[in-house]
Structures are given as C-alpha cells and as structure tokens.
Amino acid sequence: MSAVTSAVPVAHHGHDAAHDTHGADHHEDNYAVAWRHNRLGLWLFFLSEAFLFGGLLATRFYLWQENGITTRPPLNQVVGLVVTVVLLISSFSMNLAETGLEHGDRKMFMRGLVVTAVLGLVFLFGVMIFEWGLFPSIHETELSPSKDVYGAVVFAMTGMHAIHVISGLVFIVLIWNLGRKGHFSQERHWGVEACAIYWHYVDLVWIFFYPAIYLIGTAIHH
Amino acid sequence: MNGKRAAAYRASATVALFLAVLTGIEYFVAIDFPSTVVLLLLGLFKAVAVVNYFMHISRLWRQEGSH
C-alpha cells in the first residue's frame, strides 16, 4: 500500500539516499529506476486482473444464451449509457489532473482529482440505485443475484467492478490528501501516475462490460 | 511551458471526445443494427485509445528517467 500512498517509489535499492555518497544525480537515477520497476509491476498486476474480468466476460457469454441466441437482461439502456459517459468523463478529468501535475499546474492537478472522485461516486451510486436497486424508494429492479443467471452475472460483473471503483476512490482521496500537503512534483510523482492509470484501468474494464451487459444480445423478459 | 501544457490538455480533450463519439455510436448500433462483432470492435478501439493515451503504455519501453 505504501507504493500507492507514498510520493516515493517502493522499489528502491536498499540504501538511504540521504547517505548516498554519489550525490543527488545518483539519487535521481535510483528514483527513475524504481519508478520504472514499479510501473512494470503495476502493469503485471493489471494483467493478472485481466484474467479475473475476462473470466466474468466469458461467464456472461456462456450463460446468457437461449436456443443458441445471445441474450441479455432487460436493463435500462439509457441508464447504462449515462453511467458509462460519467465514467468516461472521470477518466478525462483524471488525465487532466495527471497532465496538470506533469506540467506544473497544481491547481488543475487538485481540481482534476476532486472532479474524478465526484464522478466516480456518481457512477457508483448510479449502479447501486438503478441496477442493484439498493434504494427501492428511489428505484426498484427485478434483478436479484439469486433469481436467475441474469441477475447472478450482472451482480457478479458490476459488483467486482464496483469494488475496483471503491478502491480507486480511496486511492484518489489518499493522493489528493498528499497533494494538499505539498507532496509530488513534476519530477517525482509515481503515486499520482499509479493512481491515474489504476483509474483508467477501471474505465478500461467498463469499456468491455458496458456492451456485454447492456448492448449485446436480445433482451429477455421473464 | 504554457504552450506545451495547453497542447497536452488539447490532446487529452481530443481523446475524450473520440471516446464519447464511439460510445454514442455503440449505443445507436445496439439499438438500430445490433451486431456483436461491431460492438466488440468499437469497444476494442476505445480500449486501444485508453491504454495508449490515458494509461501511457509506451512509457513501459522508455529510457529510465523519462516519464
């Protein structure tokens, strides 16, 4: 977790930079090497996660068919489109935040993080209210995780994705708090880059989940 | 520096617009000409844009020290 929250990369080479006799240049080199290693590690983590989400996608295409025809639950496509656009805009604001920091624009960095977190919450509550029906007083849904394969798969896919949205939101809050205290600079911001690409990964997963859940196949009404 | 910054913001907005347009096309394809292959292809185009421009996958192969 310290790789996530710290302004300093985790993968260092076992010595205190303050006591480095080779001076500041060597210290910067170590930081750059550590940054590169951490980046590779994060992408390997994404690769491992791809198997998880790929398995869920395979489950959807295996179970959602009747008489050889691909089917899908009768979800509200407008809701799907709206939450998808919200998540897409949050990826844009996150990219603005990261780009802002890389170009010395701290105001854009901090504001971008706040906008991303708010949009992430809107996405999360959109799914919770309109797909899960967690607040029946606002919206009721026929889907249930135990009713049939449609409910089970929708809840499995959106639930697993929601866990990643929540962890991404926690990540953003941590980065925002560190940024507020003056951490990160144009030259040293591995934590920000990790947070940004993690959030984009959450968006990337939804790029495939959105058509799989809402668009592909014939809507089945039971 | 301001010119570079503005160009970076413009590039970000262009990618976001591209993703929004493809999302809109996805929606109308699903309603008017439902095709699993077309929808998966559109998703693939969006994924490539996100991985390349937002997730900066090319940085994995850059020289150490650059970002």
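The model is predicted, with an ipTM of 0.91 and a pTM of 0.88. For chain B, the mean pLDDT is 90, and 91% of the residues reach 70 or more.

**Chain A**

Along the sequence, the elements of chain A follow the pattern α-α-β-β-α-α-α-α-β. Of its 222 residues, 37% count as buried. Among the contacts in chain A with a separation of 6 or more, 71% join residues 24 or more positions apart.

The strands of chain A form an open sheet of three in the order β1-β2-β3, with mixed pairing. Residues 65-66 (β1) and 218-219 (β3) stand at the edges, each with a single partner strand, so one side of each is left without a neighbour in the sheet. The pairing of β1(A) with β2(A), residues 69-72, is antiparallel and runs over two bridges. A:Gln65 has A:Thr70 in β2(A) as its bridge partner.

Helix α2 of chain A, residues 24-63, contains A:Arg60. Is A:Arg60 buried or exposed? A:Arg60 counts as buried, because 23 other C-beta atoms lie within 10 Å and the cut-off for burial is 20 or more. Leaving aside residues up to four places away in sequence, A:Arg60 touches A:Val153, A:Met157 and A:Ala212. The C-alpha atoms of A:Arg60 and A:Ala156 are separated by 9.8 Å, while the two residues are 96 apart along the chain.

Helix α4(A) has buried residues that include A:Phe109, A:Leu113, A:Phe123 and A:Phe130. The buried residues of this helix pack against α3, α5 (149-180) and α6 of chain A.

| Helix | Residues | Number of residues | Expected span | Span between end C-alpha atoms |
|---|---|---|---|---|
| α4(A) | 106-130 | 25 residues | 36 Å | 36 Å |

**Helix α2 of chain B**

The buried residues of α2(B) are B:Leu39, B:Leu42, B:Gly43, B:Lys46, B:Val50 and B:Phe54. They cover an arc of only 100 degrees around the axis, which puts them on the same side of the helix. An α-helix has 3.6 residues a turn, so residues three or four places apart point the same way. The face turned away from the buried side of α2(B) carries the exposed residues B:Val37, B:Leu44, B:Val48 and B:Asn52.

What do the buried residues of α2(B) pack against? Their partners are α3 (77-102) and α6 (190-215) of chain A, together with α1 (2-32) of chain B. Just after α2(B), B:His56 takes a positive phi of about 50 degrees.

**The contact between the chains**

Chain A gives 31 residues to the contact and chain B gives 28. On the side of chain B that touches chain A, the elements giving two or more residues are α1 and α2 of chain B. The largest share of that side, twelve residues, comes from α1(B). By type, the residues on the side of chain B that touches chain A divide into 16 nonpolar, six polar and six charged.

Key: Residues are numbered from 1 along each chain as its sequence is written. Chains are lettered from A and ligands numbered from 1 in the order in which they are written. This is a predicted model: local features need pLDDT of at least 70, side-chain atom pairs count only at pLDDT 80 or more; totals for chains, interfaces and linings use all residues. Two strands pair if DSSP finds at least two bridges between them. Helices (H or I, at least four residues) and strands (E, at least two) are DSSP runs, numbered from the N terminus. A residue is buried if 20 or more other C-beta atoms lie within 10 Å of its own, exposed if 12 or fewer, and partly exposed in between; C-beta atoms are placed from the backbone. The arc is that of the directions from the helix axis to the C-beta atoms. Two residues are in contact if their C-beta atoms, placed from the backbone, lie within 7 Å. pLDDT is the predictor's confidence in each residue, from 0 to 100. Ala, Val, Leu, Ile, Met, Phe, Trp, Tyr, Cys and Pro count as nonpolar, Asp, Glu, Lys and Arg as charged, and the others, Gly among them, as polar. The expected span of a helix is 1.5 Å times one less than its number of residues.
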